[in-house]
Each structure stands twice: as C-alpha cells, then as structure tokens.
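Hello,

Here is the structure I promised to pass on.

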Amino acid sequence: MATTTAADLLDQAAGGGAPTAETDGDAFASKLTREADIIIGVYLILIGTGSTLGNGRVLWLSYRNWKKLRPVELLVASLAVTDVGISLFGYPFAATSSLLGRWSFGTAGCTWYGFTGFFFGITSIATMALMSLLRFMIVYKGYPGSYPSRRKTGIIVAAGWLYGLFWACLPLAGWSQYHVEPFGLSCTVDWGSFSRDANGMSFILCMIIFCTAVPVAAMVASYAAIFYIYRRAKKGVDRHLKNNAVMSQKRREVERSITLMALAVCGGFLFAWMPYAVVGMWSAVAGADAVPIALASAAPLFAKSSSLWNPIIYLGMSDRFRLNMCGCFATPTQSQTAVHAHPQQPGAPLPLSPRGPLVSNLPTAVGPLPGALQATNIQ
C-alpha cells in the first residue's frame with residue numbers, strides 16, 4: 001500500500017493545483033497550480049472588462065455618428081461587436097473556471113464556449129481581412145463617388161459574419177469537435193484530432209489555410225500595396241506642394257499617420273494570434289503532451305488580449321474617432337461658435353484629417369493632380 005511522505009505533502013503544498021487529468025482521468029481538471037489558476041482568472045476579468053468598456057465606447061461613438069460613418073468605420077464597428085461578444089459570452093466562463101480550478105460547465109458548456117470563441121474569432125479575422133481589401137480597392141481603383149455605398153458595405157460586413165458562422169458550425173455538424181484545452185480551463189477546436197483521424201486532420205488543415213493563412217496573406221498584401229501606392233503618390237504631392245512648405249509637411253504627417261494606423265492594425269493582429277496558431281499546430285502534429293503546459297496556456301491567453309488592443313488602436317491613433325469622442329463630451333466654446341458663425345474664407349488652407357481622403361486634403365490652388373492621385377481615396 002502506497003504511503004504519503006512528507007516530501008509528497010510539501011510538493012502538493014508548493015503546487016497547490018487541482019487534480020490533474022493524468023491522475024484522476026478528469027479532462028476538466030486544471031493542470032496548473034492554484035496560484036496560476038487565480039492569476040489567469042483575474043487576468044481574464046481585467047481583459048474582459050477593459051475590452052467591453054473600450055469596444056463599448058467605439059460602438060457608442062459609432063451609434064452617435066451612424067449616418068456619418070464611412071465604410072471602413074462600419075467595419076471597425078463590426079470588429080468592436082465581435083470583441084464585445086467574446087468578452088460577454090466567453091470570458092466569464094473561462095474566468096469562473098480559472099478561479100474554481102477546473103472547467104465547471106460540463107461538456108455542453110465546453111461546446112458553447114468553443115463555438116462562441118471560434119465564431120467571434122474567425123469573424124474578427126475575416127472582418128480585418130475584408131477591411132484591408134476594402135482599403136486597397138479604394139486606393140487602387142476608386143469607386144463612383146467618394147466611397148462604396150452603405151448597402152455594399154453592409155454586404156461586406158455580413159459576409160464576414162457569415163464566414164465566421166460557417167466555420168464555427170462545422171464542428172457542430174461533425175467535422176472535428178470542440179474540446180477542452182490541454183490546461184483544462186477553457187475549450188476550443190480539438191487540435192489533437194489532427195493526429196487521430198482523417199476527419200480531424202482535414203478540418204485542421206482547412207482551418208489553417210482558410211481561417212489563418214488566407215486572411216493574413218490578404219492583410220499583408222493589401223497594406224503592402226497601399227504603402228507602395230502612397231510612396232509613389234507622395235512624390236507627385238511634393239511636386240505640387242513645393243511652393244507651400246507648411247502644407248507639404250502636413251501632407252507627410254497625414255501619410256505617416258495612415259501608415260502607422262495600418263501597421264498597428266495588421267501588426268497587432270499578427271502579434272496576438274500567431275503564437276496561438278503556432279502552438280496549436282505544434283500540438284496538432286506532435287500531440288498535446290509535447291507542448292509545455294506553460295506555453296499551451298500562455299498562447300491562448302495572449303491571443304485573447306487582441307480584443308483589448310483594437311479600441312486602443314482606433315481611439316488612440318485615429319484623429320477622427322478621438323476628436324469625435326471628445327466632441328461628444330465637450331460643449332461648444334465661444335471660439336468654436338465663432339468659427340461656425342464665420343466660415344473659412346476662400347483661399348485659406350483646408351484643415352487636414354489623417355483619416356480623410358488624400359485628395360480632399362490638398363489645397364485647391366495647386367492645379368490638377370497627378371494621375372496616380374486622381375484615383376486615390378483612402379481612409
């Protein structure tokens with residue numbers, strides 16, 4: 001008969017974790033220490049609260065200015081909805097389970113959590129890819145008028161949501177399944193099915209291609225093309241503005257702001273989700289036991305932080321959002337009233353907006369624009 005030694009008691013006290021799946025066959029038991037469980041629970045509460053408040057502000061601002069929103073801003077609002085959705089329908093389950101030291105909502109709750117996380121996640125990825133493609137199309141080809149109609153933009157938004165719904169329903173229909181993650185506190189797509197059967201392998205391969213590789217390639221290619229077009233267009237802008245050094249400097253600042261905005265959106269997404277994709281593929285090929293438990297738990301937690309970054313990017317780097325947000329709270333001052341009462345005189349420099357179209361930010365007296373800029377209209 002086995003006896004418990006003092007060393008064993010010390011080890012249990014130091015670990016403090018719940019029974020593991022290896023020791024009692026419970027897949028829903030945490031494999032982490034009790035301290036780690038609590039830290040993860042607090043982390044998810046903070047991320048969920050911050051994401052809900054931040055994206056809620058974006059949605060509130062979008063509602064206040066609904067009729068004035070441009071196409072890319074409608075996609076930003078859609079992206080905020082996905083972030084709020086995962087914060088409200090997903091994080092409370094994982095945070096509660098972390099604080100309790102085990103997944104506490106059974107198999108049905110595991111399926112629900114996996115479905116909502118996958119649905120909102122794929123919808124978010126698809127929305128970001130569509131946003132980058134829309135920006136490229138506006139820059140490269142242009143549209144009749146300044147921007148595509150709200151109806152066409154609505155179709156684009158709906159396409160992103162239907163894409164996410166399609167992929168999220170496939171495991172429910174029997175192509176793979178939702179399963180508890182290796183550390184036992186949340187659920188996701190069953191990465192381990194890749195090495196078990198052809199059904200799981202085919203789903204994981206298709207998911208990697210169509211839910212990760214294709215959207216990432218679309219974002220990288222679109223923003224690279226935008227930067228290239230802007231770089232060529234900048235030379236023509238500088239030639240037309242050579243007699244107006246102040247305006248030329250402002251034009252360069254506008255271009256730099258747009259470039260940083262695009263880089264932050266694409267880079268933030270890749271930075272948050274690529275580690276999770278790598279760890280998921282690693283566990284699929286080598287098996288869940290081959291991935292260190294610390295890495296297997298850290299990667300999805302880091303990916304969850306992406307829902308908090310988006311409002312920081314848009315509210316922090318977009319002058320249009322920031323100024324409109326301030327305008328919602330601020331009361332008109334005497335100087336602002338005077339500006340509205342006395343419109344800008346003809347010939348005065350036009351105010352610049354980093355989110356405004358490139359053409360509308362040019363002075364009216366500089367003559368015709370170079371061909372590269374006549375079709376350029378970016379947000």
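The largest nonpolar core has 53 residues, and Phe118, Phe203, Ile204 and Met207 touch the most other members. A nonpolar core here is a set of buried Ala, Val, Leu, Ile, Met, Phe, Trp, Tyr and Cys residues joined through side-chain atoms within 4.5 Å, with buried meaning under 20% relative accessible area (1.4 Å probe, protein chains only). Helix 6 (106-140) gives this core its largest share, 12 residues; helices are DSSP runs of H or I, at least four residues, and strands are E runs of at least two, numbered from the N terminus. Apart from this core lies another, of 14 residues, including Tyr113 and Leu301.

Please keep in mind that this is a predicted model: local features need pLDDT of at least 70, side-chain atom pairs count only at pLDDT 80 or more, and totals for chains, interfaces and linings use all residues. Residues are numbered from 1 along each chain as its sequence is written, and side-chain values use heavy atoms, without hydrogens and water.

Ile204 also contacts Asp190 and Ala284, among others (contact: heavy atoms within 4.5 Å). Asp190 is buried, at 5% relative accessible area, and its side chain meets that of Arg196 in a salt bridge at 2.3 Å, N to O. The count comes to one salt bridge, taken as a side-chain nitrogen of Lys or Arg within 4 Å of a carboxyl oxygen of Asp or Glu.

Finally, have a look at Ser176, in the loop between helix 7 (150-169) and strand 1 (178-180). Ser176 has a positive phi, near 70°, and is buried at 10% relative accessibility.

Best wishes

Methods: Buried < 20%, exposed > 50% of the residue type's maximum accessible area, 1.4 Å probe, protein only. Lists of a residue's contacts leave out its neighbours within four places in sequence.
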